[in-house]
2 protein chains.
Amino acid sequence: MEQESRLAGTVRPGGRTAKVRAAVLQATQDELVERGFHGLIMDQVAARAGVGKTTVYRRWSTTAGLVADLMTELAEQSSPPPDTGTVDGDLRANALSVLGAITDPRLGATFQAVIAAATCDEEAAAALRAFYARRVADWAKVVDVAVDRGELPEGTDGPELIRAVSAPLYYRLVVTREPVDETIAAQAASRALIAARAGAFTTG
Amino acid sequence: MEQESRLAGTVRPGGRTAKVRAAVLQATQDELVERGFHGLIMDQVAARAGVGKTTVYRRWSTTAGLVADLMTELAEQSSPPPDTGTVDGDLRANALSVLGAITDPRLGATFQAVIAAATCDEEAAAALRAFYARRVADWAKVVDVAVDRGELPEGTDGPELIRAVSAPLYYRLVVTREPVDETIAAQAASRALIAARAGAFTTG
DNA sequence: CCCTTAATGGGATTCTCGTTCCGTTAAGAT
DNA sequence: ATCTTAACGGAACGAGAATCCCATTAAGGG
């Protein structure tokens, strides 16, 4: 039988399946905004998505899985960093991008939910890591370009510098839970840049 | 009756009450280490503490309350910052102190649990804020001393600088979930210091 | 257009968690 | 030592969430 495997039915990513997935993920986000991760219940997600409860359990099995899938979805929508022409502009753009994300009601609630879920679910933790690995790698390119332009010392660690820009913002969001605004974002970018120019981010 | 109010019984913080509280909080920490906040269940906490389930519900009512109380307890045990004689030493000591806390299995699990709880419970969020407000205020003093010694520019924002030292560590713990070690801690302290010396933390 | 079967949905069932009731234990005062 | 009553513990109860069963719908191949 050259027709091996799948001789039975076929995989069908057809319209319905995709529609259900989209509806459920959107409903998940809505529920997260209103109730947070701890208040996320399969039952209610299904009802809100206009989908059978059984379907949600079958495809995601747990609320943490739901949140992990949502984060994976967001990771694929990440937009590439702009090139503003200067490191200062690029780092500031990065800080504002993070600010926009955590300030947005839906995205902010989602991030906090994934962070909460990741503290006790490996799947969610993996999705979180994957999201930031990609994001940091994307933005690190602007640092390399800046080094080439001579704006930053040779050997400056791009990923580390990008992390240094966003760390204060997430720290406030999640740990001290203080409000975050443009001023804070600008300070974060500017302080990281000052340290980078002084060679604090060169490897070795 | 000049003997108004409490004419009935008396408050009794006696040995039993205190013992129960200690046993329950310890059991809570144990459970957090093994299952995380999402897996924290009143029932199991009570069993582990060798205490009636009713008692736990009566005194804490919810798992978030349990975690919040635990954090409040930890806040009271915080030790004052040492004076190493130089800002460099003091900031490094701060970074190592944070490192020690988040690396310790029990403390680390507790912090992550409180952070998770705070995303959807106001009581836990308040406990978290209170903890860091105190901690940051305590350590900010070393910055003021450094300014007096002339090691840092006049007007350097102490609390901000302290936050800048710990932000990268918590960012890794909670957001990117990368391992944190002495090297990372030292870098965090050193980078914040470099920026501070350059005047990046002066207010106004 | 018809057939096969992957995928869904409603509802019954089971199970776990949170709550309440009431008898028992022991802290603190006399 | 004794009494009062705050605080605790065991067990039964009820609500709500997770799981299972089976009839129904529709994607994709012929």
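Trainee: Does Glu31(B) count as buried or exposed, and at what relative accessibility?

Mentor: Buried means under 20% relative accessible area, exposed over 50%, and partly exposed in between, with a 1.4 Å probe and protein chains only. Glu31(B) has 4% relative accessibility and therefore counts as buried. Please note that this is a predicted model, in which local features need pLDDT of at least 70 and side-chain atom pairs count only at pLDDT 80 or more, while totals for chains, interfaces and linings use all residues. Residues are numbered from 1 along each chain as its sequence is written, chains are lettered from A and ligands numbered from 1 in the order in which they are written, and side-chain values use heavy atoms, with hydrogens and water left out.

Trainee: Where is Glu31(B) placed, and with which residues is Glu31(B) in contact, leaving aside its neighbours within four places in sequence?

Mentor: Helices (H or I, at least four residues) and strands (E, at least two) are DSSP runs, numbered from the N terminus. Glu31(B) belongs to helix 1 of chain B, residues 15-35. Contact means heavy atoms within 4.5 Å. Beyond those sequence neighbours, Glu31(B) touches Gly36(B), Leu40(B), Gln44(B), Val45(B) and Arg48(B).

Trainee: How many helices and strands has chain A?

Mentor: Chain A has 9 helices and 0 strands. Of its 204 residues, 49% are buried.

Trainee: How is a pair of aromatic rings described?

Mentor: One gives the distance of the centres and the angle of the planes. Rings of Phe, Tyr and Trp (its six-membered ring) pair if their centres lie within 6.5 Å; planes under 30 degrees apart count as stacked, over 60 as edge-to-face and the rest as tilted. Over all chains, the structure holds 8 aromatic pairs. In one of them, the ring centres of Phe111(A) and Phe131(A) are 5.6 Å apart and the planes stand at 55°, so this pair is tilted. Phe111(A) sits in helix 6 (residues 105-118) of chain A and Phe131(A) in helix 7 (residues 122-149) of chain A, 20 residues apart. Both Phe111(A) and Phe131(A) are buried.

Trainee: What kind of aromatic pair do Tyr132(A) and Tyr170(A) form?

Mentor: Tyr132(A) and Tyr170(A) form an edge-to-face pair, with 5.5 Å centre to centre and 85° between the planes. Because Tyr132(A) lies in helix 7 of chain A and Tyr170(A) in helix 8 (residues 158-176) of chain A, the pair ties together parts that are 38 residues apart in sequence. Tyr132(A) is buried, with a relative accessible area of 2%, and Tyr170(A) counts as buried at 3% relative accessibility.

Trainee: Which residues form one aromatic cluster?

Mentor: Phe111(A), Phe131(A), Tyr132(A) and Tyr170(A) form one together with Tyr171(B).
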